[in-house]
Amino acid sequence: MNLSLPRRVLGRATATLALALAMATGTTGLLAGSEAQALPVTEGSFSFSGDDGDYISGGRSYTYATAAQDHMNVTGNTDDGVVTVSVDGANGDWWTLNLAAPSGKALTPGTYTGATRYPFNEATEPGLSLSGNGRGCNQLTGTFTISAVEFGPQGYVKKLDASFEQHCEGSTPAARGEVHIENPAPPAELGLGLDIALKGTASSLNGKATFHGTVSCTKPVQVTVTGNVTQVKKRDLIRGSYSNSVACTPGAPVNWTGTAVPTGSVPFQKGDVEVEGHATATDPDYAQAVTVSETVAVHLTRV
């Protein structure tokens with residue numbers, strides 16, 4: 001069963017192509033939550049075996065564990081409705097297991113019957129799929145039981161204990177297995193703060209408006225501050241936008257400055273403007289963008 005690297009790569013590519021073709025020609029019950037970042041499993045095991053005639057297992061038994069130097073990754077989605085476990089065995093085997101609640105529902109302890117092939121399960125059906133080593137079901141039926149599951153933010157999977165039974169192409173032979181995962185407590189999500197100072201300047205030389213403020217963060221990140229500026233003077237509507245990026249570290253606010261260039265021929269002038277601001281950074285633990293916004297009235301002085 002050991003596969004060389006080129007065959008493993010080819011097998012994964014073939015499986016991906018088959019999935020893409022199926023998605024192009026069929027309807028799916030894809031869940032609304034977006035997939036989170038795959039994370040290595042700290043402590044886990046995955047095993048399954050099959051009846052004679054089962055296509056996926058070939059009637060054999062397979063066992064993998066992080067303690068045996070097999071690599072496992074786990075991915076949730078942001079509404080806690082899907083868990084994907086991937087295994088790269090030290091012997092070259094590779095497998096993927098998908099467990100999904102019906103659309104719009106979170107995975108919770110219990111038995112899910114009437115599962116069909118994920119991600120093509122109907123919205124009202126649970127989804128299941130065990131594939132790998134170049135083999136997968138075109139159609140399947142099955143059931144799975146979640147004995148325990150614990151999620152963290154952004155689809156982080158802290159704990160999973162589950163068992164499953166899968167039948168390919170309506171056949172009687174089945175593959176049966178179980179998975180156990182234990183990860184550390186999830187990191188806290190990134191927190192951002194944005195402050196826009198209530199005083200700015202309007203340049204008499206080039207008509208640009210300059211603003212400033214501070215950003216704060218709970219993790220070291222690069223923060224991009226962007227926004228739009230609007231000023232009304234007599235019959236003129238003056239608009240502009242600004243953007244800047246600053247390195248933020250926890251503990252103290254970091255200063256930022258933005259300069260808006262008027263989009264038309266009328267310069268920004270002394271007086272009040274509306275400043276809309278957004279601070280955005282990527283959470284390094286979850287690879288998700290975090291944005292906070294603020295809109296304030298700023299008084300410009302002429303310089």
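In this predicted model, Asp-51 and Arg-176 form a salt bridge whose closest N and O atoms are 2.9 Å apart. Asp-51 sits in the loop between β2 (43-50) and β3, and Arg-176 in strand β11 (residues 175-182), so the pair ties together parts that are 125 residues apart in sequence. A search of the whole structure finds 8 salt bridges. The points below cover these pairs, the nonpolar cores and the strand pairing.

**Salt bridges**

- Both partners of the lead pair are partly exposed: Asp-51 has a relative accessible area of 27%, and Arg-176 is at 36% relative accessibility.
- Lys-158 and Glu-182 meet through their side chains in another salt bridge, at 3.2 Å from N to O. This pair links distant parts of the chain, with Lys-158 in strand β10 and Glu-182 in strand β11, 24 residues apart.
- Glu-182 is partly exposed, its relative accessible area being 29%.
- Asp-283 forms a salt bridge with Lys-219, and the closest N and O atoms are 2.8 Å apart. Asp-283 belongs to strand β18 (residues 271-283), while Lys-219 lies in the loop between β14 (209-217) and β15 (221-233), 64 residues apart.
- Asp-283 is at 2% relative accessibility and Lys-219 has a relative accessible area of 9%; buried means under 20%, so both residues of this pair count as buried.

**Nonpolar cores**

- The largest nonpolar core has 33 residues, of which Phe-46, Val-85, Leu-130, Phe-144, Ile-146, Leu-160 and Val-179 touch the most other members. Strand β10 (residues 157-168) supplies the largest share of this core, 5 residues.
- Apart from this core lies another, of 28 residues, among them Ile-196, Val-246, Cys-248 and Val-298.
- Leaving aside neighbours within four places in sequence, Val-179 is in contact with Ser-45, Phe-46, Met-72, Val-85, Leu-97, Leu-160, Asp-161 and Ala-162.
- In soluble globular proteins, nonpolar side chains tend to be buried together.

**The open sheet of 11 strands**

- An open sheet with mixed pairing is formed by 11 strands, in the order β1-β4-β5-β6-β8-β7-β9-β10-β11-β2-β3. Its edge strands, β1 (39-40) and β3 (61-65), each pair on one side only.
- Strands β7 (residues 110-117) and β9 (residues 140-151) run antiparallel and are joined by 5 bridges. Gly-110 has Ile-146 in β9 as its bridge partner, and Ile-146 is also among the residues that touch the most other members of the largest nonpolar core.

**Strand β13 and its partners**

- Strand β13 (residues 199-202) has a covered face made of Gly-200 and Ala-202, and an uncovered face made of Lys-199 and Thr-201.
- With strand β19 (residues 288-302), β13 runs parallel, and 4 bridges join the two. Gly-200 stands opposite Leu-300 in β19.
- With β14, β13 runs antiparallel, and 2 bridges join these strands. Ala-202 stands opposite Ala-209 in β14.
- The hairpin of β13 and β14 has 6 residues between the strands, and Gly-207 in this hairpin takes a positive phi near 75°.

Methods:
Residues are numbered from 1 along each chain as its sequence is written. This is a predicted model: local features need pLDDT of at least 70, side-chain atom pairs count only at pLDDT 80 or more; totals for chains, interfaces and linings use all residues. Side-chain values use heavy atoms; hydrogens and water are left out. A nonpolar core is a set of buried Ala, Val, Leu, Ile, Met, Phe, Trp, Tyr and Cys residues joined through side-chain atoms within 4.5 Å. Buried means under 20% relative accessible area, exposed over 50%, partly exposed in between (1.4 Å probe, protein chains only). Contact means heavy atoms within 4.5 Å. Two strands pair if DSSP finds at least two bridges between them. A salt bridge is a side-chain nitrogen of Lys or Arg within 4 Å of a carboxyl oxygen of Asp or Glu.
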